[in-house]
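Please read this briefing with the structure open beside it. The points are grouped by topic.

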Amino acid sequence: MEAVPNTLCRLRVNGDVHVCAVAPNTTLLEALRYGLGLTGSKQGCDKGDCGACTVVADGAARLACISFALAYHDGPEITTIEGVAKDGRLHPLQDALDLTGGAQCGFCTPGILMSAWALLERNTRPSRDEIARALSGNLCRCTGYTKIFEAVELAARMMRERGAVTAESRDR
Amino acid sequence: MSESPKPPGMEIPADRMMPGADRLTPPAWPSGRASSPNPEFRVIGKRNRKVEGLAKVTGRAVYADDITLPRMLHAKLKRSIHAHARIRSIDASEALAMPGVHAVITGKDLPAYYGIIPWTEDEQALCETKTRYVGDAVAAVAADSEYLAEEALNKVRVEYEPLPAVMDIDTALAHPEWKVNEKAREGNVSKHVHLEFGDVEATLAASDAVIECEYWYEGSTHTPIEPHCAVAEFDATGLLTVWSSTQVAHYLHRDLAKVLGLPTQRVRVIQPVVGGAFGGKSEPFSLEFCAAKLSMITGRPVKILYTREEVFYAHRGRHPMRLRYRTGVRRDGTLTGVDARIAIDGGAYSSFGLVTTYYSGQLLTAPYRMQAYRFDSTRVFTNKPCCGPKRGHGSVQPRFAFECQIDKLAEAIGIDPIELRRRNALGEHTRTVNGMRVTSNGFLECLDRAERASEWKRKFRRLPYGRGVGVAGSMYISGTNYCIYPNEMPQSGVQLKLDRSGRATVFCGCSDIGQGVDSVLAYIVAEELGLELRDIRVVAADTDLTPVDLGSYSSRETFMVGNACLDAARKLRLLVAGALAERWGCDPGAITLAGGVAASTREPERHCMSVKEAFQIAESRHGTLGSVGWYQSPKLGGDYRGGTIGASPAYSFTAHVVEVACDVDTGRVNVEKIWIAHDCGRALNPVTVEGQMEGSAYMGFAEALFEEQLFKPAAAGHGPGLHHGPSLLDYRIPTSLDTPELESLIVESVDPEGPYGAKEAGEGPLHPSVPAIANAIYDAIGVRCDRLPFSPPRVLALLRATDARAQWERSRAQGAIALAGGASPC
């Protein structure tokens, strides 16, 4: 297997254009983590089973570990966990996951967050069932998902109300 | 290196001394450990955020694989393709000749034996003469890239002589001559324990009903989402630094020094953020030794990241157990004697197996009173990946069997199973039949809460066919009472630095694996010194910077680290409050430090300042501010061989009620809800306690219905011992769609010795999930699931093999089945 980087790949990530050297078989996850230093997206299985590598492109959650980097050359804008907070402000999902204890070890969190982000971008009033479906490709081994569901519901409410997450709003 | 002499005239103050041979107990604080230093709790018990939470939700938390060092090489391990084979030769010349390959090591480069338990050191980083399971490591290659290292692995030629493979418990015992592990004293027996307390036969004979049944608990594995990863750097000064996704930095430190032949003071272990462990990272693995050795050889940093497949073979998960229980009860509901025979499939090495074997019996003796108890446990070696400690180490399997037994006994004498448990509750401040001291005990409240929340009385034996509820209880340790290697030093140490900036830094060797122990440190310091959480920095699990804590296992962190931290924080609080009291002319007891403000409760308007100013006053008065705190548990346990194993300074208690809906046409069991009532002493942060309760119940649910760590028999094209499906697709862990609704009911018994009364929450709440589900299935469809997992084919087979519907109707109609002569249907 020849794995020497020999092609330049232009990726649009989190609003920036990056160029990095890749091999034809370099995955998008490898390019993000090792080419661009965006280590927030995680490798849990490297075969598309766990969802820890989830990023969002074209409004949909994608598994970066089974996508080729070159497939995104001059392609759609990619959003990773590092691009979710805007202008130094946390996204409500981030704040909510922190507040509800939805991140325990935190390793699945970037993937969970990106899947939930893609959901909330198209549906700000998801039911518990819709949330569970949207996250069904993201394995979490710590939480039993309960606190993650709470976080997504809380974030959705915050986005509807366009306010910040506070302990008071959680308890409402 | 010899000990440096003490500078003349330097006497260590008595209060700083390490505990001596008589094991000092921690200092008694005037206000007691359970209460707040202020009129009310300001931080403890509140739904606070975790200290590392924001780093995790923004992708900034640095895990081992996120570390890249200049000139770093990548290494891969060559693994055995045979379950059991002698290594005839290894030829690495072709691999070494490849451009970009920097080093190859084999067993002879790291010959030292190691093992987490000092009495059973039976592992080598790379097998030297023999491989003992498919996946046992035999060589390691360091190269410029992961791809290149993998390619080079294929060029390492290993010549094997296959040996007969031992794949199950019965074969292991029947063929002692097929020796799996040469360190075993006798055949394939890894450990045998036989302990008896009271006259079991007499109490069973005096019972009104005796049930005897056999159970099978299938093996399962931890499956943290982060695979094991280590980065090693041997620097120019001869210092080895290893970053590893471990949960026991201290033990790893010791074993690295031993295997690599380095003095411990030339080794530094750093635990980065760990992406889940659950017991699966609580001992050293081949990757840490190999990365270190390859770095020493090449003079460059080396990283090893396990693939998901390797994580399944690294294992150290739940032991498969065959358990036979004979249990008696009197008509009034009194449990009498308990007789257990347990066979344990240990896999190829010892791991924590000595402890596992004891735990399989020692941790069953609460929350119920037993008149007499006997267990006989045998762990055997087999040619499979080694089992070890998975959340609820060694005691989840017997708990499953025993709680099913209780359900059967309750039916036999016609008593509601919650009521039977209530009648036999052990109570607080007492001893178990095997001599374990039990202090706080909130078990009865756990039963009450779960019963009420689930509307048990409306549902039990009253739901239509296909729906049912089940109950189970359990207890677990809050830390094991003794270190893995015998010594008289503290189990947990904390250093606390406080200065004029108004910021505190806590240093502790403890290991946050997501459960939140770093935050526990911060909460305690904030509570004691009146700081805001954001003004506290936690430096943890770095053997160069932090005092020793034994690590994240046996549910010890909150209790032991918390107590050490409380000790350190209260020492500094005394100095700060003393300096303020002196200045304000009041009693130190009248000083509050809370919410960033120091004040006198007598005259808060006049005597009030920021804690930062208060620290400056204290620093002016006492000099540079710092303190050390430590925890050492009191001497506990039964006075017999093995009597210290299972001894803990405090026990947690749990009761679950589960509601299921079963599809009788497919055998599919749908767990709809689990009510989890758990006595954690005091919830230092209810959010993280609930997180542990929900995560535990989820993991038990997963073992009950989904997970099996199975290995294939020999077939065309391969020998025995291949993992059945070493991927997260084939080894099914529950997704967000599979997981039931989980409701946490926190019970606070306020333990007299825990920090603010806290006990464990990380492992106890797993135990009742499995038997409560089994008992609920019986209530729903009339079949007893005595073998895990309760998968559709198995449940369907049970439905077809028995007249389940008739059994279900009998149990409804009679409410009880009198068992003539005490014979059981098993």
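Two strands pair if DSSP finds at least two bridges between them. In this predicted model, B:Asp91 stands opposite B:Arg157 in strand S6 of chain B. The predictor gives the complex an ipTM of 0.95 and a pTM of 0.95.

**Confidence in chain B**

- The average pLDDT of chain B is 94, and 95% of the residues score at least 70.
- Over residues 1-27 of chain B the pLDDT is below 50, and this stretch has 22 contacts in the model beyond near neighbours in sequence.
- Residues 816-825 of chain B also have a pLDDT under 50; for them the model has 16 contacts beyond four places in sequence.
- Where pLDDT is low, the predicted coordinates should not be read in detail.

**Where the chains touch**

- In chain A, 43 residues are in contact with 46 residues of chain B.
- On the side of chain A that touches chain B, the elements giving two or more residues are helix H2 (92-100), helix H3 (109-122), helix H4 (128-134) and helix H5 (146-161) of chain A.
- H2(A) gives the largest share of that side, 5 residues.
- By type, the residues on this side of chain A are 21 nonpolar, 14 polar and 8 charged.

**The three-stranded sheet of chain B**

- Strands S4, S2 and S6 of chain B form an open sheet of 3 strands in the order S4-S2-S6, with antiparallel pairing.
- Strand S4 (130-131) and strand S6 (157-162) of chain B each have a single partner strand, so one side of each is left without a neighbour in the sheet.
- Strand S2 (residues 85-91) of chain B is joined to S6(B) by 6 bridges in the antiparallel sense.

**The seven-stranded sheet of chain B**

- An open sheet of 7 strands in chain B has the order S3-S5-S1-S12-S9-S10-S11, and its pairing is mixed.
- At the edges stand strand S3 (101-106) and strand S11 (267-270) of chain B; each has a single partner strand, so one side of each lacks a neighbour in the sheet.
- From one strand to the next, the twist averages 20 degrees.
- Strand S1 (residues 73-79) and strand S12 (residues 302-305) of chain B run parallel and are joined by 2 bridges.
- B:His74 stands opposite B:Lys303 in S12(B).

**Helices against the sheet**

- Helix H6 (residues 249-260) of chain B lies across strand S10 (240-244) and S11 of chain B, at about 145 degrees to S11(B).
- Helix H7 (residues 286-298) of chain B lies across several strands, including S1, S3 and S12 of chain B, and runs at about 25 degrees to S9(B).
- Helix H3 (residues 146-153) of chain B has buried residues, among them B:Leu148, B:Glu151 and B:Leu153.
- The buried residues of H3(B) pack against S1, helix H2 (93-96), S3 and S5 of chain B.

**Strand S14 of chain B and its partners**

- Of the 11 residues of strand S14 (residues 335-345) of chain B, 10 are buried.
- Strand S13 (residues 321-329) of chain B runs antiparallel to S14(B), with 8 bridges between the two.
- B:Arg324 has B:Arg341 in S14(B) as its bridge partner.
- The hairpin of S13(B) and S14(B) has 5 residues between the strands, and B:Gly333 in this hairpin takes a positive phi near 95 degrees.
- S14(B) also pairs with strand S15 (residues 372-380) of chain B, here in the parallel sense over 9 bridges.
- Between S14(B) and S15(B) the chain passes through helix H9 (residues 353-362) of chain B, and this β-α-β crossover is right-handed.

**Backbone exceptions**

- Most residues other than glycine have a negative phi, and most peptide bonds are trans.
- The peptide bond from B:Ala366 to B:Pro367 is cis, with omega near 10 degrees, and B:Pro367 is in the loop between H9 and S15 of chain B.
- B:Leu788 and B:Pro789 are also joined by a cis peptide bond, with omega about -15 degrees.
- B:Ala541 is not a glycine, yet has a positive phi of about 55 degrees.
- B:Ala541 counts as buried because it has 30 C-beta neighbours inside 10 Å, and 20 or more make a residue buried.
- B:Ser554 has a positive phi near 55 degrees and lies in the loop between S21 and H15 of chain B.
- With 27 C-beta neighbours inside 10 Å, B:Ser554 counts as buried.

Key:
Residues numbered from 1 in each chain as written. Chains lettered and ligands numbered in written order. Predicted model: local features only at pLDDT ≥ 70, side-chain atom pairs only at ≥ 80, totals over all residues. Buried ≥ 20, exposed ≤ 12 C-beta atoms within 10 Å, placed from the backbone. Helix = DSSP H or I, 4+ residues; strand = E, 2+ residues; numbered from the N terminus. Right-handed = clockwise from strand over helix to strand, strands pointing away. Contact = placed C-beta atoms within 7 Å. Nonpolar A, V, L, I, M, F, W, Y, C, P; charged D, E, K, R; others polar. pLDDT = per-residue confidence, 0-100. Axes fitted to C-alpha atoms, helices over the stretch in contact; angles between N-to-C directions.
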